[in-house]
Amino acid sequence: MDIFELISNLGYPIVVNLFLLIRFEAKIDKLDSSIKELSEIIKSMK
């Protein structure tokens, strides 16, 4: 198997996965802080 073919077959999925992980990481962090904030609000209502 040619090295360039190997890079083109494996490199693209790796790059796409890294891009998605970076994008989702920010959204997951925001979701985590929202859940913590909601939890504090619920605790204060008791």
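Guide: Let us begin with a term: helices are DSSP runs of H or I with at least four residues, numbered from the N terminus. The model shown is predicted. The place of L21, for instance, is in helix α1.

Visitor: How many helices and strands does the protein have?

Guide: The protein has 1 helix and 0 strands. Helix α1 comprises residues 3-45, and L10 and E25 also lie in helix α1.

Visitor: What does the C-alpha trace span along its principal axes?

Guide: The spans are about 65 × 10 × 5 Å. Two pairs of residues illustrate distances along the chain. L21 and D32 are 11 residues apart in sequence and, from C-alpha to C-alpha, 16 Å apart in space. E25 and Y12 are separated by 13 residues in sequence and by 20 Å in space, again C-alpha to C-alpha.

Visitor: What share of the residues counts as buried?

Guide: Of the 46 residues of the protein, 0% count as buried. The protein exposes about 4,600 Å², of which carbon and sulfur atoms supply 70%.

Visitor: Which residues form a nonpolar patch on the surface?

Guide: The patch is formed by I3, F4, L6, I7, L10, I14, L18 and L21. Together these residues have about 830 Å² of accessible area.

Visitor: Let us turn to charge. How many positive and negative side chains are there?

Guide: There are 6 positive and 7 negative side chains in the protein. The centres of the two sets lie 13 Å apart.

Visitor: Which side chains meet in a salt bridge?

Guide: For a salt bridge, a side-chain nitrogen of Lys or Arg must lie within 4 Å of a carboxyl oxygen of Asp or Glu. By this rule the count comes to 1 salt bridge. The side chains of D32 and K36 meet in it, at 3.4 Å from N to O.

Visitor: Where do D32 and K36 lie in the helix, and how exposed are they?

Guide: Both residues lie in helix α1, 4 residues apart, which is about one turn of the helix. D32 counts as partly exposed because its relative accessibility is 36%, whereas K36, at 53% relative accessibility, counts as exposed.

Technical notes
Residues are numbered from 1 along each chain as its sequence is written. This is a predicted model: local features need pLDDT of at least 70, side-chain atom pairs count only at pLDDT 80 or more; totals for chains, interfaces and linings use all residues. Side-chain values use heavy atoms; hydrogens and water are left out. Helices (H or I, at least four residues) and strands (E, at least two) are DSSP runs, numbered from the N terminus. Buried means under 20% relative accessible area, exposed over 50%, partly exposed in between (1.4 Å probe, protein chains only). Accessible areas come from the Shrake-Rupley method with a 1.4 Å probe; for residues, only the protein chains shown count as cover. Lys and Arg count as positive and Asp and Glu as negative; His and the chain ends are not counted. The place of a charge is taken as NZ of Lys, CZ of Arg, CG of Asp or CD of Glu. Patches are made of residues with over 30% relative accessible area and no salt bridge: like charges are joined within 9 Å, nonpolar side chains (Val, Leu, Ile, Met, Phe, Trp, Tyr) within 5 Å.
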